[in-house]
Amino acid sequence: MPRPRRTQISVEDTPYYHCCSRVVRRAFLCGDDAYSGKNYDHRRAWVELLLFELEAVFAIDVAAFAVMSNHLHVVLRVDIDSANRWTDREVLEQWHKLFKGDGLTQKFAKGELVEAHEVNRLRHSIAIYRSRLCDISWFMRCLNEPIARQANQEDNCTGRFWEGRFKSQALLDEAAVLTCMAYVDLNPIRAQLADTPEQSDHTSIQLRIRAALKGEQPKNLLPFIGNERDNQPNGIAFLLSDYLELVDDTGRIIRSDKRGAISINSAKLLARLNIPHDNWLKLTTEFGKLFHGPVGTLQALTDYCEHLEKRRRHFAASCQHFHSN
């Protein structure tokens, strides 16, 4: 039986989550559909464009994404601090970018006078909107529903386009985050849709590589900020160059027609994560099979389950891959 979303998401334990949505019909989300004979590649752009529009509205950062033929992956970071720093008017301005709100919230956002008897109702609405703007369920709802409507209109049909629930996994530590990001970024390589990461259209790794060639990082993706330090900005505490090299090395090994090996720099990064080479390859190629729940070291999983008062540590055996023998 599916578990309630509140038992899967605990921002107190980790702000990082891997979400996956799959289509329910035979027609593909994008790519060539052998059944209908149509090509739906243009839908990839729908997803990517909407994903970044939502990233600019919600207090949620996109760390990685990949739009595949019949499903999509996103790695998200919930930014509670940013949501709490927003003023009441900023909360409404963000919310009104997606939804109309009501007459009272529109009036306050425009700077008009609010009557005394309306203040409590206004505060209640703002509190609800603030919580929704850092809620992964609302983020995925705002991503999936417009795509479903657009696809149904294009296919001239009605009914479900996505499965009823998106899959959500808590990423409990930096090893889990980096492993899941690499798994997501390498999806087109494993599916033999692309030969190299830079050729993987509508993926975060392609955007990062293109920006890196200019000495930059994509503005709409959570940045790599290097080693941890005091007063550091929000971001992933690794060097971008190290991550790109690790993904490239891993992609070469995954491709059966390419010779590849883990470089010295990549080996140092894996040593920092305490993940053996063989385990790393298994994690990045079988991540979806190994984990159907929270991901991290055994200790991180134990702490997470205790905090949420879970009786069992599901997939504890798979967490052993995050330890050196």
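I count a residue as buried when its relative accessible area is under 20%. The model is predicted, and I kept that in mind throughout.

**Entry 1: helix 13**

I started with helix 13, residues 298-307. Which of its residues are buried? I found Ala-300, Leu-301, Thr-302, Tyr-304 and Cys-305. I then looked for what covers them, and strand 4 (167-170) is included in that cover. After the helix comes Glu-309. Its phi is positive, near 60 degrees.

Four of them form an open sheet in the order 2-3-1-4, and the pairing is antiparallel. Which strands stand at the edges? They are strand 2 (60-67) and strand 4. Each has a single partner strand, so one side of each is left without a neighbour in the sheet. I noted an average twist of 20 degrees from one strand to the next.

I went through the pairs in turn. Strand 2 and strand 3 are antiparallel and share seven bridges. Within that stretch I looked up Val-67, which stands opposite Leu-72 of strand 3. Helix 1 (residues 42-55) packs on the sheet and touches strand 2 and strand 3. The direction of helix 1 makes about 175 degrees with that of strand 2.

Strand 1 and strand 3 also run antiparallel, joined by seven bridges. Strand 1 and strand 4 pair in the antiparallel sense too, over four bridges.

How many of the seven residues of strand 1 are buried? Six are, so I put the strand down as mostly covered. I also checked helix 6 (residues 136-155), which lies across strand 1 (16-22), strand 2 and strand 3. Helix 6 runs at about 145 degrees to strand 3.

**Entry 2: His-71**

I moved to His-71, which is found in strand 3. Is His-71 buried or exposed? Its relative accessibility is 10%, and the cut-off for buried is under 20%, so His-71 counts as buried. Leaving aside neighbours within four places in sequence, I listed its contacts: Cys-20, Ser-21, Arg-22, Leu-29, Ala-66 and Asn-187. With Arg-22 there is a side-chain polar contact of 3.5 Å.

**Entry 3: Asp-79**

Where is Asp-79? I found it in the loop between strand 3 (71-78) and helix 2 (80-85). Its relative accessibility is 7%, which is why I count Asp-79 as buried. Not counting residues up to four places away in sequence, Asp-79 touches Ala-59, Asp-61 and Asn-234. The side chains of Asp-79 and Asn-234 are joined by a polar contact of 3.2 Å.

**Entry 4: helix 3 and helix 5**

Last, I looked at a helix pair. The axes of helix 3 (residues 88-96) and helix 5 (residues 119-132) come within 9 Å and cross at roughly 60 degrees. The two helices are therefore oblique to each other. I noted the crossing as left-handed. From helix 3, the contact is made by Asp-88, Val-91, Leu-92 and Trp-95. From helix 5, I listed Leu-122, Ile-126, Tyr-129, Arg-130 and Arg-132.

Terms used:
Residues numbered from 1 in each chain as written. Predicted model: local features only at pLDDT ≥ 70, side-chain atom pairs only at ≥ 80, totals over all residues. Heavy atoms only, no water. Buried < 20%, exposed > 50% of the residue type's maximum accessible area, 1.4 Å probe, protein only. Polar contact = N/O pair within 3.5 Å; in protein donor to acceptor, adjacent residues only side chain to side chain. Contact = heavy atoms within 4.5 Å. Pairing = 2+ DSSP bridges. Axes fitted to C-alpha atoms, helices over the stretch in contact; angles between N-to-C directions. Parallel < 35°, antiparallel > 145°, perpendicular 65-115°, else oblique. Left-handed = near helix turned anticlockwise from the far one by under 90°.
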